[in-house]
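Good morning, and thank you for coming. I would like to take you through one structure, a piece at a time.

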Amino acid sequence: MKRWYCGLALLAAGMAVSGGALSLTANGSAALREALGHGLVTVAVIGLILCAMLRPKAMRADAVAIGSDAAAEGCAPKCTFADVAANAEALHSLEQLRDYLVQPEKYSRYGARMPRGVLLYGPPGTGKTLLAKALAGEAGVPFYALSGSDFLEKYVGVGAMRVRELFKKARKSGKCVIFIDEIDAMGKRRSDNSSDERDQTLNALLSEMSGFHSGEGVIVLAATNRLEMLDPALLRPGRFDRQIEVGLPGKRERLSILELHSRNKPLGDDVCLERLAAETVYFSGASLENLLNEAAILAATRDEAAISMQDIRTALVRTIVGADRESTATRAERRTIALHEAGHAVATKILMPKHRLTRVSILPAGRGAAGYNLAIPPERVMLSKRDLENQICVLLAGRAAELLILGEDALTAGASNDLERAAETAAAMVTELGMAGEPAVSLKALGRACGNAGDSAQRCRELLAELYQRTQRLLGEHVEALGRLAEALLERETLSDEEIAAILGDLSSESQKSTKTDGFH
Ligand code: ADP
Ligand code: ZN
């Protein structure tokens, strides 16, 4: 049997790549914590482009390769802080380090000790490697780059030897920047079952870092997206004693990244980067760069004079859900897909009116989706209980629409991913967030401490059943709108935000009286 699922899940997966999600990502509670806690606070930071910064006159040096097979990244010596948009806090910190690398005497006169190691942490694609390269480029010193996984070897002692080799070479060159990407691969918290090889590698790194003087001008930068996994010994003074969060860009930061990366691209008059910045919530710097590049390729393929907004829109959909493909579904299957997607869309419009539903489609997209909803979430710092409930309802609405219109015997496997993600969200609400039943109890922590997580599975089922009923009632009340949208999808296959709005009318204001929506309170 061909296994298809709907694109609502896909969307979250796609968004997860860029660090966040419309609703919750598939990997559950860690992502949930990110979404609920500090993870999105960076949205408020104002981004700026540091383009006017002067480069020191010192000669720029190329990156130096280390080891025979563990290849070091070649660094573009041209790379400077002007190539980094946003990340104001990290840039400020690195400016200081640049100053120190260029004139260490200034700092030693004051008896100031510079950090030996700086840890950059945050989601992938936010510019951590770029920042490290830019520091070396600015200071005009060699750049040694390796990934933590390069040090992991089958034979005990080889990784440790590599570490010593790296530091030896680096120190020979005098001042330099050493960059260790994915340091969590080698610097995981040591535990009873950790391997000898990893322990030795980590110990070698710790002793090398304690071994050089702060006056030597060697700065070690490391990057990770899992700070909590690191061995505490790495974070002690004299090691990575400065830690800088490199978070996902907020709207203004996204605009400055887009401006930076469109400088060498001919943009058509209709391109509005501001609008694009607003629509790319949770995109990382790398995804934004990739988006513009995809759009440029589209324009070049068609020999256009400039990149149009349409190119960018097509690229946006492609980067999130993959390219649209011809449908091979039968008539009956298309009807089911249309109803299923219309169910998600109607529920999104009513329960999450702040989300911009930009595209609903029954065309298969990349990665095996039979159809999809593309909704842009509002910029948020935290998700509330109501938000999470609404997300579950939206996830369940595809299945609810199938059941409501087609009946139980016609149910398909298309909802499998929706159901999985709804269950994960419910489990987080019940076991970690105290959002179902006891408001002050973390069943997960209790389970760890007492060896018994209680009746969490049963509670999750009750919560899901309740939210499912809520969703069914909601769709039942709007069954005409559901039918209208499904018909339109069958006819036109893909609908834009304007078309969806015209078909559905203003469902949200009509139902706001009786329904709890995601409006900010
Ligand atoms: P990370 O190391 O955090 O995974 P990278 O530094 O490898 O991310 O980023 C990959 C690419 O994304 C960069 O080379 C750059 O083109 C783009 N990019 C990411 N963040 C930024 C930013 N803040 N400003 C400009 N470009 C960025
Ligand atoms: Zn679905």
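This is a predicted model: local features need pLDDT of at least 70, side-chain atom pairs count only at pLDDT 80 or more; totals for chains, interfaces and linings use all residues.

In what order do its five strands lie? The order is E2-E3-E4-E1-E5, in an open sheet with parallel pairing. At the edges are strand E2, residues 143-147, and strand E5, residues 242-245, each of which pairs on one side only. From one strand to the next, the twist averages 20°.

Now consider how E5 is held to its neighbour. Strand E1, residues 117-121, is joined to E5 by four bridges, and the two run parallel. Within this pairing, Leu119 is found opposite Gln243 of E5. A helix also packs on the sheet: H3, residues 88-102. Helix H3 touches E1, strand E3 (176-181), strand E4 (218-224) and E5, and its direction makes about 140° with that of E5.

I turn next to two helices, H11 (residues 285-301) and H12 (residues 309-321). Their axes come within 8 Å and cross at roughly 125°. H11 and H12 are therefore oblique to each other. Their crossing is right-handed. Which residues make the contact? On the H11 side they include Leu291, Leu292 and Leu298, and on the H12 side Ile312, Ala315 and Leu316 are among them. Sorted by class, the contact comprises eight nonpolar, three polar and three charged residues.

Let us move on to charged side chains. Side chains of opposite charge can pair when their charged atoms come close. How many salt bridges does the structure hold? There are 19. One salt bridge is formed by Glu379 with Arg254, whose closest N and O atoms are 2.9 Å apart. This pair links distant parts of the chain, the two residues being 125 residues apart. Glu379 lies in the loop between strand E7 (372-376) and helix H14 (385-406), whereas Arg254 belongs to helix H9, residues 251-261.

Strand E6, residues 356-361, runs antiparallel to E7, and five bridges join them. Here Leu357 has Ala375 of E7 as its bridge partner. E6 is also joined to strand E8, residues 494-496, by three bridges, and this pair is antiparallel. In that pairing, Val360 stands opposite Leu495 of E8.

Thank you for your attention.

Definitions and conventions. Residues are numbered from 1 along each chain as its sequence is written. Chains are lettered from A and ligands numbered from 1 in the order in which they are written. Side-chain values use heavy atoms; hydrogens and water are left out. Two strands pair if DSSP finds at least two bridges between them. Axes are lines fitted to C-alpha atoms, for helices over the stretch in contact, and angles run from 0 to 180 degrees between N-to-C directions. Contact means heavy atoms within 4.5 Å. Angles under 35 degrees count as roughly parallel, over 145 as roughly antiparallel, 65 to 115 as roughly perpendicular and the rest as oblique. A crossing is left-handed if the near helix is turned anticlockwise from the far one by less than a right angle, and right-handed if clockwise. Ala, Val, Leu, Ile, Met, Phe, Trp, Tyr, Cys and Pro count as nonpolar, Asp, Glu, Lys and Arg as charged, and the others, Gly among them, as polar. A salt bridge is a side-chain nitrogen of Lys or Arg within 4 Å of a carboxyl oxygen of Asp or Glu.
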